[in-house]
Amino acid sequence: MAGSTANERPFADLDRSGRTRRLRRLAEAALTAYDVSVARLTPLGRGLNTVFRVDGADGHRYALRVQRADGPGAAQVRAEMAWLAALGRETDLVVPRPVPTRARDWVTVVADPAVPEPRTCVLCHWVDGRFVDERLSAPQLYAVGEFTARLHLHGARMNGLDRGRVDDLTEFGRSQVDGFSDAVLDRAVVLAGGDERVRTAVGRVRAVRAVLGCGADVFGLVHGDLRQENYLFHRGRVRAIDFDDCGYGHYAYDLAVALDELNHLPQRDELRESLLDGYRSVRPDAATTDPAVLNAFAGLRRVQLRLRT
């Protein structure tokens, strides 16, 4: 095979387009596990994972995600797909609907000699919609708030799935009983170049978590990455994609991510209030939408992004 030739460059030395070409072969192999006749396979240039649009010979469209090597493992991806499948069965929220393999599994794990690690792959039905940024309106953010609240109502019932905490700081933190322990924070400060503001931000969110507790009214399965690129609009309805970061956490975390991602927009204050109004229309919970709570989780999110770069 081409992947085993002596003159082929190591995968780690390739740019994104070179890696995508290698992963395309792996994606083609993954698709043989599904009862889908493929007419065209097109790489999409966004996200940490590698995603291909799959145009089926029958006219249907799908998205095939090839999981990044350092992302969630097969069991966790299977849990993500289980939540999406449950949302499709039990709600009218528009989210990616996973396609089972011929073996009735939600995932397939594929290896290729040109790629150093086996990769977990999933296939979902395509979600139509458009990404809106500068033109976001108050009614659209109200709809996002409603959607998020309904997502949380469902997430409150999804106990026991193999998903981690969305508020973890680092891989080391995920391996500890207390993800905010002194040892975890010491390592996080080092990763941040000695910036002690990391410790301050985590201290705020630790205090907020202690007050909120972990009851089903404030804590459950959440999306984990509700930025503008991950909610789309189609025919007046909002829909969410990219549940790769979903996990257990406080509902305020999802709201804080969505709100903080609006900072670059001139109409941010109006949009934030509309999002919270939409959320409260479904879940009138003062604790989750309290400004101090949201600010604390927004600070945590900024620390997380800084540590992951």
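# Helices, sheet and cysteines of a predicted model

R22 counts as buried, with a relative accessibility of 7% (buried is under 20% relative accessible area, exposed over 50%, and partly exposed in between, with a 1.4 Å probe and protein chains only). This is a predicted model, in which local features need pLDDT of at least 70 and side-chain atom pairs count only at pLDDT 80 or more, whereas totals for chains, interfaces and linings use all residues. Residues are numbered from 1 along each chain as its sequence is written, and side-chain values use heavy atoms, with hydrogens and water left out.

R22 belongs to helix α1 (helices are DSSP runs of H or I with at least four residues, strands runs of E with at least two, both numbered from the N terminus). Apart from neighbours within four places in sequence, R22 is in contact with E8, R9, F11, L14, A114 and V115 (contact means heavy atoms within 4.5 Å).

The sheet comes next. Five strands form an open sheet in the order β1-β2-β3-β5-β4, with antiparallel pairing (two strands pair if DSSP finds at least two bridges between them). The edges are taken by β1 (38–44) and β4 (108–110), each with a single partner strand, so one side of each has no neighbour in the sheet. From one strand to the next, the twist averages 30 degrees (axes are lines fitted to C-alpha atoms, for helices over the stretch in contact, and angles run from 0 to 180 degrees between N-to-C directions). Strand β1 and strand β2 (residues 50–56) run antiparallel and are joined by six bridges; in this arrangement R40 stands opposite D55 in β2.

Two helices pack on this sheet. Helix α1 (residues 16–31) touches β1, β2, β3 (61–66), β4 and β5 (119–125), and its direction makes about 150 degrees with that of β1. Helix α2 (residues 74–90) touches β3, β4 and β5, and its direction makes about 10 degrees with that of β5.

Within α2 lies E80. Is E80 buried or exposed? At 1% relative accessibility, E80 counts as buried. Setting aside neighbours within four places in sequence, E80 contacts R65, R163, F243, D244 and C246. The C-alpha atoms of E80 and W106 are separated by 9.3 Å, although the two residues are 26 residues apart along the chain.

Helix packing can be followed from α2 onward. Two packed helices are described by the angle between their axes and the distance between the axes. For α2 and α3, the angle is about 110 degrees and the axes are 11 Å apart; the two helices are therefore roughly perpendicular to each other (angles under 35 degrees count as roughly parallel, over 145 as roughly antiparallel, 65 to 115 as roughly perpendicular and the rest as oblique). In α2, the residues W83, A86, L87 and E90 meet L151, H154 and G155 in α3. By class, this contact has four nonpolar, two polar and one charged residues (Ala, Val, Leu, Ile, Met, Phe, Trp, Tyr, Cys and Pro count as nonpolar, Asp, Glu, Lys and Arg as charged, and the others, Gly among them, as polar).

Helix α7 (residues 251–260) and helix α9 (residues 291–308) form another crossing, in which the axes come within 8 Å and cross at roughly 75 degrees. α7 and α9 are therefore roughly perpendicular to each other. The α7 residues A252, Y253, L255, A256, V257, L259 and D260 meet V293, L294, F297, A298, L300, R301, R302 and Q304 of α9. By class, the contact of α7 with α9 has eleven nonpolar, one polar and three charged residues.

T170 lies in the loop between α3 (138–155) and α4 (171–174). T170 is buried, with a relative accessible area of 10%, and touches L191 and L307, not counting residues up to four places away in sequence. Strand β7 (residues 231–234) pairs with strand β8 (residues 237–240) in the antiparallel sense over four bridges. Y231 has A240 in β8 as its bridge partner. Two residues separate β7 and β8 in this hairpin, and R235 in the turn has a positive phi of about 50 degrees.

The cysteines remain. How many disulfides does a search of the whole structure find? The search finds zero (a disulfide is a pair of cysteine sulfur atoms within 2.5 Å). The sulfur of C124 is too far for a bond because the closest cysteine sulfur, in C246, is 11 Å away. The sulfur of C214 is also too far for a bond, as its closest cysteine sulfur, in C246, is 17 Å away. C124 is buried, with a relative accessible area of 8%, whereas C214 counts as exposed at 53% relative accessibility.
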